[in-house]
Amino acid sequence: MRVPLDGLPDRVEIYEVGPRDGLQNEKAIVPADVKAEFVARLADAGLRTIETTSFVHPKWVPQLADAEELLAALPPAAPGARRPVLVPNERGLERALRNGVTEIAIFGSATESFARRNLNRTVDESIAMFAPVVERALAEGMWVRAYVSMACGDPWEGDVPIDQVVRVATRMMDLGCAQLSIGDTIGVGTPGQVTALIEALVAAGIGVDRLAVHFHDTYGQALANTLAALRAGVTTVDASAGGIGGCPFAESATGNLATEDLVWMLHGLGIDTGVDLAALAATSRWMAERLGRPSPSRVVQALAPKEQ
Ligand code: HMG
Ligand code: MG
């Protein structure tokens, strides 16, 4: 049943991260042709923005070492659809350009501990690494997103002050990025904190139309946090089909908010997503079989055909 609430958008853009954030932290290494089918099925289910892979060091993330092979196997994106990939440095950008990529995401950290573990750099060094990437990407006409991770807490440093997140986010956006995704990498944030963080980012000059939210569901807060973000004016929400994945360099990061759980809530609120929920859940069940474990998404489980 669709019952709208005042103060929410009519439409939400879902930024699907299953093939990248999902598969990067699954134990199973999924063959490139299965990943390509996953992306194609997600697109057929109505997802217009799909982050497909990462051009990072293959030793750091072996699950995504087949980035070139995957991109070659993908069906072309529909007009206006986006297929961003993660790029940390100039080497990654070279690889992306050689493979016809037109949208990238750089990924920084609000904390020194995670910058070191994820990028082998301090926060300053990682921003210096991103600067020439964004400059060249913009010159090539690419669309560039920036992630700021550990925005709601850090497993080594604990609480992360809001002004620290805002400082790093502002520096990344000042490079010329089109969108900022607020990453609660370990899923510890709660709705009041999310609201305060969005208000602080907007007060610092990052328009709410340029913000996206990226919640992991470790503490079961992802949907509540999403609703808080929507109330604060955000209209782009990251999610991972079937709720798979996490981050291999952050202790206690479980899967992202499941796309199906997000779509269930949004459709219930009368918010348009363009997604066919039944087709999406069938895709996640198909992927779960290939990963050899059931989908953690509550909606995927609830919609599963009952055994007679
Ligand atoms: P490094 O070891 O400092 O690299 O790693 P380097 O610059 O010293 O280079 C060492 C060698 O690696 C060189 O080769 C480079 O060419 C090569 P050599 O000359 O010795 O033969 N190299 C590369 N090869 C292929 N592709 C590349 C590349 N770069 C260098 N792009 C580096 C630094 C950034 C490369 C490494 O730390 C890395 O790959 N990190 C990526 C980690 C990652 O992908 N983490 C997961 C994603 S982040 C996340 O999940 C959070 C997010 O979801 C949001 C949230 O939840 O908050 C986005
Ligand atoms: Mg993530």
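Me: How do the residues of the shell around ligand 1 divide into nonpolar, polar and charged?

Reply: They come out as 11 nonpolar, 11 polar and three charged. Here Ala, Val, Leu, Ile, Met, Phe, Trp, Tyr, Cys and Pro are nonpolar, Asp, Glu, Lys and Arg are charged, and the others, Gly among them, are polar. This is a predicted model: local features need pLDDT of at least 70, side-chain atom pairs need 80 or more, and totals for chains, interfaces and linings use all residues. Residues are numbered from 1 along each chain as its sequence is written, with chains lettered from A and ligands numbered from 1 in written order.

Me: Which residues come nearest to ligand 1?

Reply: Val56, Gly92, Ser149, Gly183 and Thr185, out of 25 around ligand 1 (C-beta, placed from the backbone, within 6 Å).

Me: And which elements supply at least two residues of that shell?

Reply: Helix H4 (90-98), helix H5 (112-119) and strand S6 (143-149). H4 gives the largest share, three residues. Elements are DSSP runs numbered from the N terminus: helices are H or I with at least four residues, strands E with at least two.

Me: Switching to the sheet. In what order do the strands run?

Reply: S2-S1-S9-S8-S7-S6-S5-S4-S3. That is nine strands in an open sheet, with parallel pairing (at least two DSSP bridges between two strands).

Me: Which strands stand at the edges?

Reply: S2 (49-50) and S3 (53-54). Each has a single partner strand, so one side of each lacks a neighbour in the sheet. Two bridges join S2 to S1 (residues 13-16).

Me: What does helix H7 lie across?

Reply: H7 (residues 162-173) lies across S5 (103-109), S6 and S7 (179-184). It runs at about 165° to S6. Axes are lines fitted to C-alpha atoms, for helices over the stretch in contact, and angles between N-to-C directions run from 0 to 180 degrees.

Me: How do H7 and H8 cross?

Reply: At roughly 45°, with the axes of H7 and H8 (residues 191-203) coming within 10 Å.

Me: At what angle do H10 and H11 pack?

Reply: About 165°, with the axes of H10 (residues 259-268) and H11 (residues 277-291) 10 Å apart. That makes them roughly antiparallel. H10 brings Thr259, Glu260, Val263, Trp264 and His267 to the contact, and H11 brings Leu277, Leu280, Ala281 and Ser284. By class: five nonpolar, three polar and one charged.

How values were computed:
Parallel < 35°, antiparallel > 145°, perpendicular 65-115°, else oblique. Contact = placed C-beta atoms within 7 Å.
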